[in-house]
Amino acid sequence: MAGTGTQVEIAQQEFTEFVREVEPRLRRALVGLCGPEDARDALAEALGYGWQHWARIRTMANPAGYLYRVARSRTRRRKVPPVFPPVPVDVMPDVEPALPAALARLPERQRVAVFLVHGCEWTHPEVAALLGVSVSTVRNHLTRGIARLRSLMEVEVDG
Amino acid sequence: MVEVEEQLRRYASAVVAGVDPVTAEEVSGRQHLERPDRATGRPRWHVFVAAAAVVALVAVSIGALVALRLDGDDSPEVAGPSGGPTQTAVVHFLDQPAFAAGREPYTVAVDRRVPAASPEAGALDALFAGPTATERDRGLRLVASGATGYTDLRIADGEARLRLTGECSSGGSTFTVAQLIIPTLEQFGIDTVKIYDAAGTTEQPDGPGDSVPICLEP
C-alpha cells in the first residue's frame, strides 16, 4: 500500500473491517487445510498479501476465496503434510483417538470440506464459495471424505 | 462412540479455539515500517516499493498473457473418436471475464462427447483441444501454462497421475492449467490428481493431496 496519509488511513479502516469479517472464517479454513500449527502463519501471510495488494483485492467479488488460495499456494510450497494434535481423551472421551491422523491422511479438498461442513458447521454454498467450486463438487468431496474417514478410523457404520 | 460427524464437530471446535486470531493491526503494522516517515526524515521506501511493484506487475502481466495463450485458432466442436460408443463429459475452461473481475468460479464446464472406453483421457484431450469458437466468444479460454498436452495418464484407486508435455510455466499467475485439469478429472470419481512436468517431477508425488510441478506455482 502506498499513497497520501488520508488514503492510507481510509485503506487501513477498510482493511480492518475486512479482516474483522473474514479472519475467523479464513482461520477455520486454514486449520482444516494445514492443521493448527501452520494455520496461523499461513493466515498472517495471506492477510499480509491482502494488505499489500489491497487496492486490487478490495474490488474482488470473493476476496476471502482469493486469499485462501494465496495461503494454500504458499503452504503447498513448504511441502509439509498437515498435522493435527492428539485428541484430549480426558475431555473428549467420545472422540476416536484415530481421528487426527485419519483427517491428515484425507486428500486436501475432502479434508477441508469435511472439516468445514461437519467440524465448523459451514453450509455447502459457503464452502463452495471459498474453494471456488460448485456446490455439487463440495457434496462429492463430503461424501467421499466421510466414507474415507470412516474407513481410516475403522468405524463400523450401522445399516 | 458417537458418529464421525459429531466427533469432527467436537474436535474441530477445540482445535480452532487453540489458534490465536490474526488482527489487521498485526498484519498492516509490518507494512507501516516500510512507509515513509517524513517527520523523522527516514528513507522514502515507498518509492522503491512502488517501482518494484510496477516492474513485478509488468512481468506478471506478460507472463500471464503468455500462459493464457490467447490465440485465435478455432477448436473442434466435438472431441472424440470417429467410431465407437461415446458419452458426455464436462470439460472446464477459464471464464476470462469472471477471472478479470475476480468473480468466482473462474471456470465454466462445457459438454463434450468423449470415448466411453476412456472418458478420462477423452476429457483431457477435449480440454487441450481448447474451447470452440462460440465458447471463445463467450470469453472461455484454455490456460495451457505452456503445455501442449499430456501423456502417461494413469488412474488407480481414485488417484490420477499425468505428465504435461511441452513447456510449463505459470507465468506468475495463480490460475494455471492445473485448475482446469483437476475439476475436469473430478467428475470421474477421482479424488487426487498428481500433475508432473515434462521432466517427470511434481512437488508431492507421495503426499495425500493434489500435486503440481513447481513450474505451475505462481
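This is a predicted model: local features need pLDDT of at least 70, side-chain atom pairs count only at pLDDT 80 or more; totals for chains, interfaces and linings use all residues.
Residues are numbered from 1 along each chain as its sequence is written, chains are lettered from A and ligands numbered from 1 in the order written, and side-chain values use heavy atoms, with hydrogens and water left out.

What counts as a pocket? On a 1 Å grid over the protein atoms alone, a pocket is an open set of points where a 1.4 Å probe fits, with protein on both sides within 12 Å along at least five of seven lines. Lining residues have an atom within 4 Å of a point. Volume is the space filled by probe spheres set on the points, which are joined across faces, edges and corners.

The largest share, seven residues, comes from α3(A). Helices here are DSSP runs (H or I, at least four residues), numbered from the N terminus. By class, the lining has 17 nonpolar, 14 polar and ten charged residues. Nonpolar means Ala, Val, Leu, Ile, Met, Phe, Trp, Tyr, Cys and Pro; charged means Asp, Glu, Lys and Arg; the others, Gly among them, are polar.

Now the interface. In chain A, 67 residues are in contact with 53 of chain B, with contact meaning heavy atoms within 4.5 Å. The two chains bury about 5000 Å² between them, 58% of it on carbon and sulfur atoms. Buried area is the accessible area (1.4 Å probe) lost on putting two parts together, summed over both.

How many salt bridges are there between chain A and chain B? Eight. The rule is a side-chain nitrogen of Lys or Arg within 4 Å of a carboxyl oxygen of Asp or Glu. One pairs A:R150 with B:E3, at 3.2 Å, N to O. On the side of chain A that touches chain B, α1(A) gives the largest share, 17 residues. That side has 35 nonpolar, 14 polar and 18 charged residues.

Last, the cavity. Here the probe fits but cannot get out. The whole structure has one cavity of 30 Å³ or more. The largest cavity holds about 190 Å³. Its lining is 15 residues, with A:V80, A:P82, A:E108, A:R111 and B:Q204 nearest the centre. That lining divides into six nonpolar, three polar and six charged.

Notes. Helices (H or I, at least four residues) and strands (E, at least two) are DSSP runs, numbered from the N terminus.
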